[in-house]
Amino acid sequence: MEKRNGSTDGRDTVHHRDNDQEKWVQDSSLDYKGRVPVRASTGVWKASLLIIAIEFSERLSYFGIATSLILYLTRVLHQDIKTAAKSVNYWTGVTTLMPLLGGFLADAYLGRYSTVLVSVIIYLLGLLLLTMSWFVPSLKACEPGHMCQEPRKAHEVVFFLAIYLISVGTGGHKPSLESFGADQFDDDHPQERKKKMSYFNWWSFGLCCGLLLSVTVVVYVQDHVNWGAADIILTAVMAMSLVIFIVGRPFYRYRSPTGSPLTPMLQVLVAAIAKRNLPHPSNPSELYEVSKSEKAQSRLLCHTKTLKFLDKAAIVEGNESSAENRINQWRLASVTKVEEMKLILNMIPIWLATLPFGICVAQASTFFIKQGTNLDRKFGGFLIPPASIYALAAVGMIISVILYEKVLVPALRRMTGSERGMKILQRIGIGMLFSVATMAVAAVVEHRRLGVVRRNPLTGSTSMSVFWLAPQFLIIGFGDGFTLVGLQEYFYDQVPDSMRSLGIALYLSVIGAANFLSSLLITAVDHLTEQHGRSWFGKDLNSSRLDKFYWLLAGMAAVNLLFYVLLARRYTYKNVQRSVAVADCYEGDDPSTLA
């Protein structure tokens with residue numbers, strides 16, 4: 001009888017724990033009053049859809065500037081094509097590298113909500129300054145009612161100050177908002193974890209809708225009204241997004257900042273070097289690990305067999321058996337800390353291998369758009385703004401994301417039985433293949449355009465329809481739906497739990513570093529080709545040889561893809577513990593589903 005009662009009590013305890021898990025979110029997040037969040041009234045889609053709406057507004061503003069920036073620089077500031085392309089690449093590079101600082105501050109000190117709030121205010125200041133540079137008489141590019149060959153210095157200074165303020169605002173906004181949206185899903189809850197796998201797809205869908213509206217409506221206003229009117233629209237939209245963000249405060253789940261994420265990694269390195277002469281234990285369970293109750297802010301990770309040198313940081317020496325000695329984290333690191341260090345080191349080759357893809361993407365917002373200015377842009381009785389052709393990239397990405405989410409993933413789940421359907425790095429690799437195709441198609445189209453120019457030197461390529469550029473925009477957009485969305489998920493999912501804003505910043509830094517590399521590559525190719533005859537980059541497109549440059553990029557991307565495939569096949573995914581013992585870890589084919 002006693003035994004039966006004990007069994008009943010055990011079942012009651014498990015049932016009570018399950019009820020608690022359904023009612024409360026127990027992943028260390030808090031509600032806006034600092035309490036444990038109620039699952040039914042916080043987070044998931046009710047919060048993340050608000051956050052996606054804010055991303056839509058921000059991307060509308062950002063792409064309204066970014067896609068037309070090269071046109072503003074050549075038309076208003078009178079820069080030549082080579083200088084303008086470099087200016088765009090530098091600005092895009094800074095804008096996408098600033099999130100490394102913003103993500104670090106969000107994770108370590110400010111928290112994601114506060115970082116987004118401050119960043120949106122800075123972003124708004126930049127947009128206000130941009131609007132003033134067009135309307136305030138003393139800040140205008142030219143004297144009112146006059147044409148000028150060179151802009152006023154005051155306008156140039158205020159313009160660049162404004163767009164770089166927007167860079168700073170984006171630096172905090174982008175990594176913090178995206179990771180804040182993903183934080184609204186509980187990784188330990190099966191239903192929420194599955195929904196989270198769709199989050200990055202719908203995030204990208206919202207981003208593309210903002211892009212689509214910016215390169216149609218906003219660009220039309222820039223082309224047919226004036227730049228200042230467009231700036232007013234962008235400022236109003238960004239102000240509205242700030243209001244939406246603040247109104248949604250009661251529905252969000254928040255995570256407290258955990259201090260510098262770099263310190264634990266340095267501790268692992270110091271401890272591993274200090275114990276470099278110790279032998280590896282025969283059983284991984286002999287390595288030191290904290291209890292789950294001590295690891296409140298993030299999950300415990302399984303031991304992996306890669307980078308074994310770092311495991312020595314978790315070896316317990318004889319004089320470290322007491323709790324007092326274990327507190328010295330510069331001498332003894334837990335298995336989870338060691339594995340977090342391994343995660344970051346394993347990401348470095350993947351990050352490097354995605355840079356050629358980023359260089360290909362950089363051409364879409366510079367040379368691709370500039371090509372559109374030299375083609376016939378009439379559609380019926382309507383003149384298409386050059387930057388509006390970029391809308392086709394957004395359309396390609398939207399189609400790609402919907403097909404992936406609604407067709408490909410469900411089919412792969414049924415075929416493989418995997419919760420994710422396709423491994424993250426496989427998704428990224430497919431998109432990289434599309435980037436090779438994009439540059440090859442772009443080279444063929446540009447070669448044809450130059451042929452038209454040679455046959456009709458007076459009219460140039462204006463007899464050739466702008467829709468010849470449609471294939472390269474659609475293909476790069478389709479590839480973005482695989483690689484860019486995959487990179488967002490990869491860098492959020494595979495970094496340590498305490499570094500998720502920094503993880504999104506690492507994804508953005510791929511595009512940022514690629515833009516800088518694109519500028520360096522243009523400079524190097526320009527110098528080399530000029531030494532051996534005629535430069536591939538002339539004063540304008542008709543005196544340039546962009547087709548050869550595109551073939552060079554296609555070759556680089558193809559060779560790099562082979563290198564990437566080798567890396568992806570050997571990659572070890574993040575593997576979360578489901579039990580306390582280090583040796584009891586899951587060792588299936590796809591541990592990434594546990595991350």
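Patches here are made of residues with over 30% relative accessible area and no salt bridge, with like charges joined within 9 Å and nonpolar side chains (Val, Leu, Ile, Met, Phe, Trp, Tyr) within 5 Å. A salt bridge is a side-chain nitrogen of Lys or Arg within 4 Å of a carboxyl oxygen of Asp or Glu, and accessible areas come from the Shrake-Rupley method with a 1.4 Å probe, where for residues only the protein chains shown count as cover. You're looking at a predicted model, where local features need pLDDT of at least 70 and side-chain atom pairs pLDDT 80 or more, while totals for chains, interfaces and linings use all residues. Residues are numbered from 1 along each chain as its sequence is written, and side-chain values use heavy atoms, leaving out hydrogens and water.

**View A. L266, L269, V270, I273, F309 and W330 make a nonpolar surface patch.** The patch covers about 500 Å². One of its members, L269, sits in helix α9, residues 262–274 (helices are DSSP runs of H or I, at least four residues, numbered from the N terminus). L269 is partly exposed, at 33% relative accessibility (buried is under 20%, exposed over 50%, partly exposed in between; 1.4 Å probe, protein chains only).

**View B. Positive charge gathers on the surface at R448, R454, R455, R534 and K548.** Lys and Arg count as positive, and a charge is placed at NZ of Lys or CZ of Arg. R455 belongs to helix α15 and is exposed at 58%.

**View C. Zero disulfides turn up in the whole structure.** A disulfide is a pair of cysteine sulfur atoms within 2.5 Å. For C209, the nearest cysteine sulfur is that of C208, 7.1 Å away.

How values were computed
Helices (H or I, at least four residues) and strands (E, at least two) are DSSP runs, numbered from the N terminus.
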